[in-house]
Number of protein chains: 2
Amino acid sequence: MAGRMTEYELSVWRSLLDTTDDLRRVLTAQLQESGVSSGDYRVLLALSEAREHRLRSSELAAGIDWERSRLSHHLGRMERRGLIRRDDCATDNRGAEVVLTDEGAEAFRRAGRPHLRAIKRVFADALSAQQFEALDDILTTLRKHMEATT
Amino acid sequence: MAGRMTEYELSVWRSLLDTTDDLRRVLTAQLQESGVSSGDYRVLLALSEAREHRLRSSELAAGIDWERSRLSHHLGRMERRGLIRRDDCATDNRGAEVVLTDEGAEAFRRAGRPHLRAIKRVFADALSAQQFEALDDILTTLRKHMEATT
DNA sequence: GTGTCAATATTGACGTGTCAATGAGATGGG
DNA sequence: CCCATCTCATTGACACGTCAATATTGACAC
């Protein structure tokens, strides 16, 4: 893989950054209308899918691929707003269990439908079946390449 | 466009978010080794390409598609580190001209080569010519779709 | 048990991004 | 000229992310 990138390759890279940035912006703005951020949404989704709406803090971090400290800060903010609660862990005195509150579950229900509609509107409705498959393939390739060269 | 998204479409969406996030992470970490953030790099690049290494603040904001206030905050931090300078604008007393300092130009030179190499390594080297064209097409489609439905 | 090392979660400092409000200067109708 | 209004850039408050400590507890050899 000697040599340098072509202008074309670089422009596709910049386009990827810009476009995904815009998509994020639109969707976080949309989520905001339901009173949750995209970080909140990610946490709420994970907890909603968990047994008893409850997860060890480290499991949650691993599940959404966040650094521990990032999660800790975010949970602090969510706890202040009453979306989650932190219980002590029975089996490991170091640990904490993050629990979805009723208020959190309600917020997730309220945000979910419009959010999925927005993803469909700005993303899914734009692409053909062939484009989906091509994109899936590209993303898989990129992911494999990253893992291989790390 | 009635109905809802398929699971597949949603999974491709999540994959897009996750993968581009990882790419960003790797590349900002790499840039950090040269002592600049990706925001810094974007600003330095724009100024490097500008006539006399100098731009009106609003032109710069438009050029890199940032909100004014975001740019203002970022310029404040870059100015503290001596990467840029802010001059009063001769033709409009409200305005400011952002000027690349020698130190800023030097930082950009230092960061540029390794950064481009990193983009090539994690992105360009991973994809085939067909994949590049497919991705280019997909991004263009998404962009057009966003503009059309805004 | 004790000492050592790893893991769990949090915290503080600081850089970053968004939104709303602000002040200073341009601009144009009357 | 005067006033309303727009634009330029900045600011403050706050949410968010990363990194480097920190405190506490678990695990395990001895």
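1. Start with the surface near DNA strand C: α4(A) gives the most to it, with six residues. Here "near" is a matter of distance, with the C-beta atom of a residue, placed from the backbone, lying within 6 Å of the molecule or strand. Helices (H or I, at least four residues) and strands (E, at least two) are DSSP runs, numbered from the N terminus. Before going on, note that this is a predicted model, in which local features need pLDDT of at least 70, side-chain atom pairs count only at pLDDT 80 or more, and totals for chains, interfaces and linings use all residues. As for labels, residues are numbered from 1 along each chain as its sequence is written, while chains are lettered from A and ligands numbered from 1 in the order in which they are written.

2. Who else sits around DNA strand C? Two or more residues each come from α1 (7–33), α3 (57–64) and α4 of chain A, and from α2 (38–49) and α4 of chain B. By class there are four nonpolar, 13 polar and eleven charged residues. For these classes, Ala, Val, Leu, Ile, Met, Phe, Trp, Tyr, Cys and Pro count as nonpolar, Asp, Glu, Lys and Arg as charged, and the others, Gly among them, as polar.

3. Now DNA strand D. There are 28 residues around it, and A:Ser37, A:Ser69, B:Ser58, B:Ser69 and B:Gly95 come nearest. At least two residues each are supplied by α2 (38–49) and α4 (68–80) of chain A, along with α1 (7–33), α3 (57–64) and α4 (68–80) of chain B. On this surface α4(B) gives the most, with six residues. The classes run to four nonpolar, 13 polar and eleven charged residues.

4. On the two protein copies: a rotation of 180 degrees, with 0.0 Å of shift along its axis, superposes chain A on chain B at an RMSD of 0.1 Å. The two copies are thus related as by a two-fold rotation axis. The superposition is by least squares on the C-alpha atoms of residues with pLDDT of at least 70 in both copies.

5. The contact between the chains takes 34 residues from chain A and 34 residues from chain B. Residues are in contact if their C-beta atoms, placed from the backbone, lie within 7 Å. On the side of chain A that touches chain B, α1, α5 (102–122) and α6 (129–149) of chain A each supply at least two residues. The largest share of that side, 13 residues, comes from α6(A). Its classes are 19 nonpolar, seven polar and eight charged residues. Since 100% of the interface residues of chain A are also interface residues in chain B, the copies meet through the same surface.

6. Chain A also has an open sheet of three strands, in the order β1-β3-β2, with antiparallel pairing. Its β1 and β2 stand at the edges with a single partner strand each, so one side of each is left without a neighbour in the sheet. From one strand to the next the twist averages 30 degrees. Strands count as paired if DSSP finds at least two bridges between them: β1 (residues 54–56) and β3 (residues 96–100) of chain A have three bridges, while β2 (residues 84–88) of chain A and β3(A) have five. Along β3(A), A:Val99 stands opposite A:Arg54, and A:Glu97 is opposite A:Arg56 and is also the bridge partner of A:Asp87. Helix α2(A) lies across β1, β2 and β3 of chain A, at about 95 degrees to β3(A). Such angles run from 0 to 180 degrees between N-to-C directions, with axes as lines fitted to C-alpha atoms, for helices over the stretch in contact.

7. Finally, a few residues of chain B. B:Val99, in strand β3 (residues 96–100) of chain B, counts as partly exposed, with 16 C-beta neighbours inside 10 Å. The scale runs like this: buried is 20 or more other C-beta atoms within 10 Å of a residue's own, exposed is 12 or fewer, and partly exposed is in between, with C-beta atoms placed from the backbone. Among the contacts of B:Val99 beyond four places in sequence is B:His53. B:His53 is found in the loop between α2 and β1 (54–56) of chain B and has a positive phi of about 55 degrees although it is not a glycine. Most residues other than glycine have a negative phi. B:Asp65, in the loop between α3 and α4 of chain B, also has a positive phi, near 60 degrees, and counts as exposed with 11 C-beta neighbours inside 10 Å.

Definitions and conventions. Contact = placed C-beta atoms within 7 Å.
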